[in-house]
Amino acid sequence: MWQVVLGLRSLLVKIAVFVVMAALLAWALGGTLWPRTSIRTIGEPVLCAGVPISLVHQVRDPRATYGIARIGAEGKVVERTPKVEQMTPAWRDALTPVASPDGARAAFAFQVADRWVVAVIEAPAELSSGGWRDVEVLDRLEAARQLARFAAGLPLQDADAQQSARAAVLSAGE
């Protein structure tokens, strides 16, 4: 019986030494045993109702996604959504946020699968609980055009208005 207890104790000591050595090696190489999410802000934050909002790129092996984040007083990310740890499907591309002329709202655009969406942030303090409303747009070009309209204080256009504006531009050269 005591030989089994001694064998288990020896096994536990070897496992503990292995974990400590692996952690030290990971630390010496500049990493960790448990993966962390790498978050990088893209562009300058915009103020939405006095709250700084920024586009972020999040990487956590094997996934990466863009997201939107609330920035704290020290310039650090306080809250982000969607989180790469929970995100499926990922945002494949995104456009940096713009503020409305009065600074009360902000808008940004992102691509999920093959569709582009412009999102208007209504409540910056509630980013992760859906503090925005979505408007689907035709493509990346239309998303950029809608963001420019928003920044100029114009309302976002629905799909029919987007199509007619595009047709008007394309037929202008004829």
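Q: How many bridges join strand S1 to strand S2?

A: Strands are DSSP runs of E with at least two residues, helices are runs of H or I with at least four, and both are numbered from the N terminus. Two strands pair if DSSP finds at least two bridges between them. Here, S1 and S2 run antiparallel and are joined by eight bridges. Within this pairing, Leu47 stands opposite Pro52 in S2. The model is predicted: local features need pLDDT of at least 70, side-chain atom pairs count only at pLDDT 80 or more, and totals for chains, interfaces and linings use all residues. Residues are numbered from 1 along each chain as its sequence is written, and side-chain values use heavy atoms, with hydrogens and water left out.

Q: Where does a cis peptide bond occur?

A: A cis peptide bond joins Thr81 and Pro82, with omega about -10°. Pro82 is placed in the loop between strand S4 (77–81) and S5.

Q: How does one read a nonpolar core, and which residues have the most contacts inside the largest one?

A: In soluble globular proteins, nonpolar side chains tend to be buried together. A nonpolar core is a set of buried Ala, Val, Leu, Ile, Met, Phe, Trp, Tyr and Cys residues joined through side-chain atoms within 4.5 Å. The largest core here has 18 residues, and those with the most contacts inside it are Ile53, Ile68, Trp91, Phe108, Phe110, Ile121 and Trp132. The elements giving two or more residues to this core are strands S1 (38–48), S2 (51–60), S3 (63–71), S5 (91–99), S6 (106–112) and S7 (115–121). S6 provides the largest share, four residues. Apart from this core lies another, of ten residues, among them Leu95, Ala109, Trp116 and Ala143.

Q: How are S5 and S6 arranged, parallel or antiparallel?

A: S5 and S6 run antiparallel and are joined by six bridges.

Q: How many aromatic pairs does the structure hold?

A: Rings of Phe, Tyr and Trp (its six-membered ring) pair if their centres lie within 6.5 Å; planes under 30 degrees apart count as stacked, over 60 as edge-to-face and the rest as tilted. The structure holds four such pairs. In one of them, Phe108 and Trp132 are edge-to-face, at 5.3 Å centre to centre and 90° between the planes. This pair links distant parts of the chain, as Phe108 is in strand S6 and Trp132 is in strand S8 (residues 132–137), 24 residues apart. Phe108 counts as buried because its relative accessibility is 0%. Ring pairs also link Trp91, Phe108, Phe110 and Trp132 into a cluster.

Q: Why does Arg80 count as buried, and which side chain joins it in a polar contact?

A: Arg80 lies in strand S4. Arg80 counts as buried because its relative accessible area is 13%. A polar contact is a pair of N or O atoms within 3.5 Å; within protein, one must be able to donate a hydrogen and the other to accept it, and residues adjacent in sequence count only if both atoms are side-chain atoms. Such a contact, of 2.4 Å, joins the side chains of Arg80 and Gln58.

Notes. Buried means under 20% relative accessible area, exposed over 50%, partly exposed in between (1.4 Å probe, protein chains only).
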